[in-house]
Each structure stands twice: as structure tokens, then as C-alpha cells.
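These are my notebook entries on a structure that I examined element by element. I set down what I looked up and what I found.

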Amino acid sequence: MEIRSPAFKENARAALDDPQLRHALEHVKSGFIVKRAMAAEALPEFEKLRDSSKAIKDETLANLDKYLEAYETKVTESGGHVHWAESAADARDIILKICQSVGAKTVTKGKSMISEEIELNDFLEGNGVQPVETDLGEYIIQLRGEHPSHIIAPAVHLARSQVEADFRRVHTHLPVDRDLTEPVTLLSEARKVLRAKYFQADVGITGANFLVAETGTSVIVTNEGNGDLTQILPKVHIVLASIEKIVPTLSDLSQVLRVLARSATGQDMSVYTTLSTGPRRAGDPDGPEQYHVVLLDNGRSSMIGTEFQEMLRCIRCGACMNHCPVYHAVGGHTYGWVYPGPMGSVLTPSLIGVDKAGHLPNASTFCGRCEAVCPVRIPLPKMMRHWREREFSRRLNPATQRYGLKAWAFFARRPRLYRLATSIGIPVLSLFGGRGRFKSLPLAGGWTRHRDMPAPEGRTFMQEWKQREAQKQGARI
Amino acid sequence: MSGREAILNRLRVALREGKDDATREQAVQARIAAAPRGVVPMRGRLPDDDRVTLFCAMAQKVSATVERVGSSANVPGAVAAYLRQRNLPARVRMGADARLGAMPWNTEPSLEIDSGRAQDEDLAGVSHAIAGIAETGTVVLHSGQDNPTTVNFLPEHHLVVVRAKDIVGDLETVFDQVRQTFGKGHMPRTLNFITGPSRSADIEQTLLLGAHGPRALHVIMVDGD
């Protein structure tokens with residue numbers, strides 16, 4: 001998809017001025033956070049499972065080449081085909097060739113963020129193959145010509161009335177006077193329309209939540225059952241997965257499954273967890289005749305061995321964005337590419353370059369909630385800091401910011417001078433502070449244009465700290 | 001150089017820093033062979049009866065309905081009654097599963113049974129689970145000659161028969177059984193873990209049942225046999 005990350009600031013401004021979006025984002029704030037907290041609370045071993053899942057992904061990444069080879073061997077043994085795609089273009093070509101080999105006209109698709117990453121739909125359409133998204137949220141945004149605004153709730157930015165308008169616009173074969181005022185009627189209509197598509201499709205494409213090296217198995221996790229209908233009805237099943245989706249064994253799969261749904265939607269387990277190994281077996285009454293796995297790299301192998309390796313632990317639960325105050329304020333489209341929220345702010349610069357995605361790691365308050373809820377304990381704020389450092393060392397941020405930071409660094413590296421400067425500066429600011437706040441301040445227009453700057457009251461942090469420590473000492477004696 | 005070699009080479013060069021290739025290869029094969037268990041929740045580690053009770057409670061929590069029958073001979077009656085109570089036609093889709101086949105379906109002469117893979121218009125399907133998982137209220141089914149996967153997804157009502165003695169505490173126990181049945185490293189083509197009926201919350205985060213899969217999941221638990 002078109003990269004709009006460089007326009008993050010403009011995107012954010014537009015998002016903040018959109019009352020409908022602000023209303024829709026309330027659902028993220030209220031729903032996901034409470035549900036995750038309750039699910040985590042109800043399982044005493046949850047924190048240990050997070051540690052265990054982190055360790056599993058670390059072990060896999062430390063030997064990713066070996067696990068990929070082991071996985072490939074098992075897929076081949078079970079009659080499946082593994083295709084390796086270095087780039088998005090490679091993956092698109094591989095998929096198109098498979099589609100063309102069976103003369104495919106229609107392709108149904110389960111939810112896959114990697115499909116967004118490689119811009120598969122436009123490509124297939126341009127080559128005469130009609131892709132049909134089957135996840136309800138993905139179907140809605142496909143009708144609108146949009147992209148997902150959330151990795152597990154793609155249409156979270158929309159209101160029911162917008163979906164109704166889209167269904168009326170597109171489903172013109174249905175009676176005009178039908179009632180679509182309730183979400184349940186919209187769901188029924190989508191179910192009916194998509195049922196026909198599953199049976200029409202020649203190829204079904206799904207993503208994979210995990211790939212199991214022990215058995216050569218791909219795993220999808222859904223609530224709707226669309227992924228299953230996508231993969232069992234057509235003649236050909238293509239699994240599109242990135243190389244870091246591997247877990248070593250079924251035992252490891254048990255661990256990561258326990259943290260995935262709880263972190264994502266607060267469910268103990270999603271409705272459908274489906275393990276697929278190879279094509280239909282002799283005598284099977286249903287299932288695909290061909291089973292293909294496309295393993296996508298697209299920049300990930302270059303993250304191994306760098307300070308961004310840990311990002312590849314990500315299992316795409318969405319908890320980081322569900323808990324992010326910046327995401328809550330601006331929504332997913334503002335981030336300007338496939339992956340929004342904190343995980344996107346770290347991953348996007350790795351995949352498309354920090355020169356294009358530099359605003360993303362800066363769009364953080366560093367409140368740390370993303371890291372606190374990450375099921376595989378990815379140190380997201382630390383990694384955003386790595387990107388800020390790289391941006392600085394490559395001179396990508398504006399000169400005023402660079403000089404400001406340099407001036408601050410000069411003082412920060414000289415604690416005595418810093419304390420002296422602040423002990424003079426603070427009383428001065430406090431003197432001019434008037435009623436406890438500044439409406440404008442020289443050099444801080446970016447801040448004061450939208451809100452007041454609180455005026456310091458009293459003394460510096462270090463002075464306060466020293467006094468409190470001294471009091472504590474006194475109290476102990 | 002093929003894409004495969006290019007990707008693997010990049011990984012190899014980046015990862016070789018720690019240990020050499022042969023050592024890593026050995027360690028990886030050993031880890032896959034050992035498949036060490038991680039953290040298994042205490043929740044499912046219960047005496048038999050309590051485990052079955054927990055399974056029922058967890059399944060109901062995710063909007064499945066659960067009915068307990070004394071023996072497998074009662075299953076056909078339970079299926080027919082389920083359809084009657086919901087004003088559904090007395091007709092089900094069912095695979096040729098031997099466990100289901102051994103049940104006395106002739107006690108329900110008005111019940112029509114369609115065999116083979118499911119069709120779009122099927123209203124009710126009956127399958128036999130290999131296990132139920134107490135920790136989450138999940139039923140486990142696998143594909144095979146006599147077990148079409150389509151029965152689990154196309155009909156509006158999915159009726160799943162599971163034996164009380166097949167209710168296990170946790171996921172790991174199911175995977176141990178699968179390894180035993182199919183051999184370590186081998187799997188049935190499709191292994192379905194189903195936890196409640198199909199649902200979606202994609203429109204305004206309002207949770208609704210019956211998205212693309214069954215609108216209702218009915219578990220018939222066989223206590224005897």
C-alpha cells in the first residue's frame with residue numbers, strides 16, 4: 001500500500017478533527033483493555049506463560065535458519081510445497097503463478113496482515129484474479145477501498161451506519177427496503193453473500209498465526225470460521241506467512257496460544273484454532289488438493305543479529321495498540337502503513353526505512369503500557385529509542401530539534417552545570433509563571449499552541465529529592 | 001542464488017556469531033525431539049468428575065450448550081430432540097465415523113442422515129470429538145476418511161459428541177495423544193480446536209454469534225461407556 005507515514009503529523013491532525021473516528025476509538029479504549037485484564041487475572045500462570053512464550057520465540061529466532069529447514073522438511077513430507085519469497089514482489093509472483101496454474105478466477109482470503117504488506121489484492125486484481133476478503137472487518141474495508149486500521153479489528157474505525165451504507169451500495173441484488181439497522185442484520189447479510197464466494201473460489205489464501213517445525217503444520221486462529229471455510233472448500237490452499245512465525249513444537253504452540261487470545265480479545269481461546277498439515281489425504285471427503293506455503297522474508301532476516309531482533313517475537317495480538325494513548329487518539333490509519341500502534345512504530349522503520357517512517361518512533365509518550373502488556377515482552381519503548389538514535393545519527397530530524405537536543409546534552413553530561421542552570425532557570429520561570437501556567441513561551445510554541453505549559457512551582461527536582469532523602473534519613477534515626 | 005538460499009544464508013551469517021552451524025543443528029533437532037513442556041495451568045488438573053464439570057462450565061461460558069447423556073445409545077435421541085426443540089427439520093449431516101456409526105440411529109426412524117461432506121444448505125451436522133479440553137471448554141476434532149471437516153463449519157447447528165472419559169485437562173495432553181495416535185512428527189490433515197459457536201465483533205465491537213461458521217455449538221457429553 002502507498003506509504004503515508006511521512007505525513008504522520010498531517011494524518012494525526014486530520015484524525016483528531018474527525019468526531020466519528022474519535023467516537024469509534026472509544027470502543028478500543030473501553031473494550032479491549034478490560035477484557036485482557038480480566039483474562040490475565042483469571043489465569044494465575046499468565047505471567048509465567050508470558051516468560052515461557054518469550055523464551056520460545058527467542059530460542060526460535062536464535063536458530064531460525066535451522067527451524068525453517070526442519071519445518072520445510074516436514075511440509076514436504078506431508079505432500080505440501082514450500083516457496084521462499086525474499087521480497088514482496090517475489091511473494092506476489094509465486095502466488096499469482098499458483099493461481100494461474102489452476103486457472104483461478106476467484107480467490108477467497110482469510111485475514112492476513114502480510115497480504116496487506118505485499119499489496120496482494122491490487123496485484124491479483126490487476127492480473128485478472130478477483131480476491132475476496134472473508135473476515136467481516138476485512139470484507140467491509142475491502143468494499144470501501146481502505147486498509148485495516150487495527151491488526152485484529154480492521155474496521156474498528158467505522159460506525160455501523162457506514163457499514164450499512166456500503167452494503168446498500170454494493171449488495172444491489174438484495175431488496176432495497178431491507179432492514180439493516182442492527183449489527184446482527186449486517187452480519188447475516190455478509191454471511192449470506194460470502195457463503196456463495198467460498199464455493200466459487202478456486203484458491204483460498206490464509207495467513208498463519210504460527211508454523212510448527214515439529215510437524216510442518218500451519219496454524220490459524222479465528223473467531224468467525226472464515227479462515228476455515230477459505231482453506232477447506234477451494235481446490236488449492238495457499239498459506240502466506242512470514243519467516244518468524246515458526247515455533248519449534250506442538251508443546252511450544254500450547255504456550256503461545258494461551259497468551260495470544262487473552263492478550264488480543266481477552267478470550268481464553270479463540271473460537272477456531274485450526275492446525276493444517278499438507279493437502280487432502282487419500283480417501284478424505286473434503287479439503288484442498290494442493291497445499292502451498294509462501295514464506296516471506298521482506299526485510300526480516302536483516303533484523304536478526306541487530307538491536308531489532310526482539311521485534312520478531314511479535315505474535316500480532318494487538319495488545320500494544322489497544323493500550324496505547326497515541327493510538328487511542330489518532331487511530332491506525334494515521335501511522336500511514338500496514339502496522340499501526342507501538343509494534344508498527346518499531347517494525348515499520350525496519351521494513352520501509354526510518355527515513356520514511358521516522359515520525360512513528362517519535363509518536364510515543366514512552367508511558368510503557370505497550371511493553372507492560374506485550375505477551376512476549378518486547379521492549380517496545382527501548383526499541384523506539386533505538387530508532388530515534390539512528391534518526392539523530394543519520395541527521396534525519398530537523399536542525400532546530402538537533403541543536404536543541406545537543407544543547408540539552410551539553411548540560412545533561414555536566415551534572416553540576418545542569419543543576420546550576422536549573423536552579424537559576426526554575427525560579428525565573430516560576431516568577432514569570434503568573435497564575436501557574438504559560439499561555440505562550442519562546443521556543444516552545446509547538447507545545448503552547450495547543451495547551452498551556454504548567455509553570456514550575458518552588459524548587460528543582462534534585463533539590464526536592466535531596467530534601468526528601470534527608471528527611472527519610474532523619475526519620476529512621 | 002535462489003530466494004531460499006539467500007534467506008537462509010543471511011540468517012546463517014547473522015546467527016553463526018554465537019555457535020557454529022553443526023552445534024546449532026544438533027541442538028535444534030534435540031529440542032524438537034524432546035518437545036519440552038512449558039507452563040501447564042493448574043486449572044485443568046482435577047479429579048475426573050471435576051474436570052468434566054469444569055469442561056461443561058467453560059464451554060457454556062463461551063455460549064456452547066452442553067447436554068449430558070448416560071450412554072452412547074442415548075445420542076440419536078438427544079440429536080432428534082435437539083432438532084425438534086428448535087423446530088429444525090429432522091435431518092443431519094454426518095460422516096461415516098465408526099463411533100457414531102455404532103450408535104442405534106434406527107431408534108429415530110424419522111431422522112434423516114446425509115453422509116459425506118457437508119453442503120451449503122445443511123442446517124445441522126453431527127461430529128465426534130477425539131477430546132474435550134477442560135481448561136478452555138474446547139472440543140477437538142480431526143479430519144479423515146470418515147470425518148469431513150466441512151461438517152464442523154457449514155451447518156448452522158454443529159452437534160459434537162464427546163465421551164466424558166476423553167475430557168482432558170489441557171492442550172498438552174491432547175497433543176501427547178495426537179503424537180501417540182499418528183506418530184511423533186505426524187499429524188492428521190486438519191486438527192480443529194473449537195471453543196464455542198462462530199462469532200464476530202467487527203462492527204462497533206458488538207459481539208454477535210454466527211459469523212461464517214455455526215450459529216450454535218451443542219456438545220453431547222456421553223458419561224457412560
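Entry 1. I looked up R93(B) and found that it stands opposite G125(B) in β4(B). Strands here are DSSP runs of E with at least two residues, helices are runs of H or I with at least four, and both are numbered from the N terminus. Strand β2 (residues 91-94) of chain B pairs with strand β4 (residues 124-128) of chain B in the parallel sense, over two bridges. I count two strands as paired if DSSP finds at least two bridges between them.

I noted the source before going on: the model is predicted, local features need pLDDT of at least 70, side-chain atom pairs count only at pLDDT 80 or more, and totals for chains, interfaces and linings use all residues. Residues are numbered from 1 along each chain as its sequence is written, while chains are lettered from A and ligands numbered from 1 in the order in which they are written.

Entry 2. I then traced the sheet around this pair. It is an open sheet of six strands in chain B, with the order β1-β12-β7-β4-β2-β3 and parallel pairing. Strands β1 (65-69) and β3 (112-115) of chain B stand at the edges with a single partner strand each, so one side of each has no neighbour in the sheet. From one strand to the next, the twist averages 25 degrees. Helix α4 (residues 75-85) of chain B packs on this sheet and touches β1, β2, β4, β7 (157-163) and β12 (216-222) of chain B. Its direction makes about 155 degrees with that of β12(B). For such angles, axes are lines fitted to C-alpha atoms, for helices over the stretch in contact, and the values run from 0 to 180 degrees between N-to-C directions.

Entry 3. Which strands form the open sheet of eight? The order is β8(A)-β5(A)-β6(A)-β9(A)-β9(B)-β6(B)-β5(B)-β8(B), and the pairing is mixed. The edges are β8 (246-247) of chain A and β8 (167-168) of chain B; each has a single partner strand, so one side of each is left without a neighbour in the sheet. Strand β9 (residues 272-276) of chain A pairs with β9(B) in the antiparallel sense over five bridges. There, T190(B) is the bridge partner of S276(A). Strand β6 (residues 138-142) of chain B also pairs with β9(B) in the antiparallel sense, over four bridges, and V140(B) stands opposite F193(B).

Entry 4. I next examined the contact between the chains, where residues are in contact if their C-beta atoms, placed from the backbone, lie within 7 Å. The contact takes 81 residues from chain A and 61 residues from chain B. On the chain B side, α1(B) supplies the largest share, ten residues.

Entry 5. I turned to chain A, which has 23 helices and twelve strands. Its radius of gyration is 26 Å, close to the 23 Å that the globule rule gives for 477 residues, so chain A is as compact as a globular protein of that length. The radius is taken over C-alpha atoms, and the rule is 2.2 Å times the number of residues to the power 0.38.

Entry 6. Finally, I checked the confidence. The predictor gives the complex an ipTM of 0.97 and a pTM of 0.93.

Notes: Contact = placed C-beta atoms within 7 Å.
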